[in-house]
There are 2 protein chains.
Amino acid sequence: MPRPLSEICPMLNLPTRLLHGPGPSPVAPSVLEAIALPCIGHMDPQFMRVMNEIRAMMQQVFQTENEMTLACSGTGSAGGEMLMDNLVEPGDTCLIGVNGVFGGRLAEKARRAGGSVQTIETDWGKAFDQDVVIQRIEETKPDMVALVHAETSTGALQPFDRLAESVHRYGGLLVMDCVTSLSGLPVKIDEWQIDAAYSGTQKCLSCPPGLSPVTLSDRAMNKVNNRQTPVNSWYLDLNLVGNYWSGSRAYHHTAPVNMNFALHEALRLVLEEGLEARFERHERVHRQLKQALLERGFSYASDPEHSLPMLNLVQFPKSVTDEAGARRRLLDEFNLEIGGGLGKLAGKCWRIGLMGHGAREENVAAILQAIDAVI
Amino acid sequence: MPRPLSEICPMLNLPTRLLHGPGPSPVAPSVLEAIALPCIGHMDPQFMRVMNEIRAMMQQVFQTENEMTLACSGTGSAGGEMLMDNLVEPGDTCLIGVNGVFGGRLAEKARRAGGSVQTIETDWGKAFDQDVVIQRIEETKPDMVALVHAETSTGALQPFDRLAESVHRYGGLLVMDCVTSLSGLPVKIDEWQIDAAYSGTQKCLSCPPGLSPVTLSDRAMNKVNNRQTPVNSWYLDLNLVGNYWSGSRAYHHTAPVNMNFALHEALRLVLEEGLEARFERHERVHRQLKQALLERGFSYASDPEHSLPMLNLVQFPKSVTDEAGARRRLLDEFNLEIGGGLGKLAGKCWRIGLMGHGAREENVAAILQAIDAVI
């Protein structure tokens, strides 16, 4: 007997949110069209073509020629774990910058991969002075150095352009978390000689969450291919996943096919706009929001010299006495999602995202209209 | 300068395939509608409601009251790894049944989790005699016993109803891979006293690939909560993921929101049809295909007493001298995907899936029409 319909929950009927928290970000209509294309097989030659096009487009967005550029079949956190699991062997010295939640997570993942982790720390909201990092590299001679390019928990932007030389001098690998920066700020993998980087789809790429773009240099893949110990993870083992994305095309796991359709379209929109135009748009819209927030008594909590355009860490005016209640009103009355503070900053700050498809003048206007009602 | 459009690959334009391989399976239109709903935040109270409804529906499909029932944010292989990583501590004795590719993968994942793995083996295409397994359990007193309910590589159906007592007598946990069986065959988690099971969305649930339904008993969660060593994986650590799906609702990772929308609708369709009716439909359509294939000179390669209805492992007639070429013609000329043999069976068998939304009379007719053209 089929169950009576009344006992089964109805089809989803959800509000349309304005997504201006730390991600997910608003998704363009054509990306939602792409995700709903009829599914095809993960070994279908047509899907291999989709994967090839995704890789070629990701190479452009990462500004790299790395062959090993792929979409890891999990969210950004899985991409970070893929890099730590594959690049860290038990006992490897890992120097990891912790100036927010996501640096701390990288350190934890490196530890679970067996790494001997040393952290370098600075105040939340600040970036690391590259000279200070280089000094620590000279002292530590680490096998891996990992920093977060765009700390989603603090809004800090980490310069990366001068680190590689000292990392490589001691045979180490330079790893970057660019979850929140990719396609919203320059991420110059080859020029900065980054050995491995991972991102997420749900930030400036404006694709739903579910995949993690990753890229690895030949130097990094050399480490992976010559490991003395098996990778902790079978699902994320680049010796296996890499063969599915290039090389022998051997079956490994069933790729999230429709998520890849969405990523394909999201990347296409990025390249159609052009990276420079996209960076400029993020910066321009950020300045509009910033000026308007300062006029309303907000202050920026991140280092003004090293602030992200796509993620605004702000202290709200004193008139806001119940910050969680105010955010709840934004959501309930205006369908506006913004982020609260994370970790040490919980209850103290708001995080307002202007990412990808959402980094537009009309979105700034909608954000301000809603915020004016609750401050 | 934006790049000229001509340099950028065009929007996806893909053939509509008839998906009758080992998965992904055909996706119902309303599931594709659900996956394309506007994204909402992973911490949005509305998404918490979606997660709660998914859990409640998965409990019905798994036939369990397990609180720890959730959609792991990766494909089926990630779900299997989640169970091995969380349930196996270094040195644990794991008895794992290997009668096909997927049992072998479970063994590999248990090894990477630090388990001392013993395999029990039988011919590919055969199921294990439960008495033989019980005998090995008596000898080994393992901490974990894991078997594959529906071996997607061989079409074998593994009985599970008599194993738990002996596993539990020695304090072990009974784990089931039900990737291909869930919602196509009875999976009675509570009645059979299975401690942990994982599935995939892209088989009989007829949802695109990208999530893995998992369920764990209190006994299994007791093991997770009292581990002496950290879980290898941070992304799959049930101490963290579990808090996001229930309990404190603490942020862990950004869930694949739109994939969860799709799973919600796919589960709804399963319950609307009713489990028994769905099982009966899979069996009925399987018999239609089987009779027609036998008439055409195909033979079934899996044990006739223990064969899956949703995955038909067949030897093709002798007239097929180029099996890969024949499958390629099915794909190119008829948009029909069927599977080749996997592992030991590569080149020797075909795998024809009749799963979920694709287990219909009209699909059988389309399969036969296409096959008649190439045999």
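**Ground rules.** I am working with a predicted model, in which local features need pLDDT of at least 70, side-chain atom pairs count only at pLDDT 80 or more, and totals for chains, interfaces and linings use all residues. Residues are numbered from 1 along each chain as its sequence is written, chains are lettered from A and ligands numbered from 1 in the order in which they are written, and side-chain values use heavy atoms, with hydrogens and water left out.

**Entry 1, the interface.** I looked up how chain B meets chain A, taking contact as heavy atoms within 4.5 Å, and found 79 residues of chain B in contact with 79 residues of chain A. The buried area, meaning the accessible area (1.4 Å probe) that two parts lose on being put together, summed over both, is about 6,700 Å² between these chains, and carbon and sulfur atoms give 64% of that area. I noted that B:Leu12, B:Arg112 and B:Trp234 supply 12% of the area that chain B buries against chain A, more than any other three residues.

I then counted residue pairs in polar contact, which is a pair of N or O atoms within 3.5 Å; within protein, one must be able to donate a hydrogen and the other to accept it, and residues adjacent in sequence count only if both atoms are side-chain atoms. The rule finds 24 such residue pairs across the interface of chain B and chain A, both residues being at pLDDT 80 or more. For the elements I used DSSP runs numbered from the N terminus, with helices as H or I of at least four residues and strands as E of at least two. The elements of chain B that give two or more residues to the side touching chain A are α1 (29-35), α2 (45-62), α3 (76-87), α4 (101-112), α9 (257-273) and α11 (323-334), and the largest share of that side, 10 residues, comes from α9(B).

My criterion for a salt bridge was a side-chain nitrogen of Lys or Arg within 4 Å of a carboxyl oxygen of Asp or Glu. The structure holds 44 salt bridges over all chains, and across the interface of chain B and chain A the rule finds four. B:Asp44 forms a salt bridge with A:Arg17, with the closest N and O atoms 2.6 Å apart. I also recorded a network of salt bridges that links A:Glu108, A:Arg111, A:Arg112 and B:Asp237.

For accessibility I counted as buried anything under 20% relative accessible area, as exposed anything over 50%, and as partly exposed what lies in between (1.4 Å probe, protein chains only). A:Arg55 is found in helix α2 of chain A and counts as buried because its relative accessibility is 13%. Its side chain meets that of A:Glu67 in a salt bridge (3.5 Å, N to O), and the pair links distant parts of the chain, since A:Glu67 sits in the loop between α2 and β2 (68-72) of chain A, 12 residues apart from A:Arg55. A:Glu67, at 42% relative accessibility, is partly exposed. The side chain of A:Arg55 also makes a polar contact of 3.2 Å with the side chain of A:Asn52.

B:Arg278 and B:Glu273 meet through their side chains in a salt bridge at 3.0 Å, N to O; B:Arg278 is buried at 4% relative accessibility, whereas B:Glu273 is partly exposed at 21%. B:Glu323 forms a salt bridge with B:Arg327, the closest N and O atoms being 2.8 Å apart. These residues are four apart in helix α11 of chain B, so about one helical turn separates B:Glu323 from B:Arg327.

I found a cis peptide bond between A:Gly23 and A:Pro24, with omega about 5°, and A:Pro24 is in the loop between β1 (18-19) and α1 (29-35) of chain A. In chain B, the peptide bond from B:Gly23 to B:Pro24 is cis, with omega near 5°. A:Ser183 is not a glycine, yet has a positive phi of about 75°; A:Ser183 is buried, with a relative accessible area of 1%.
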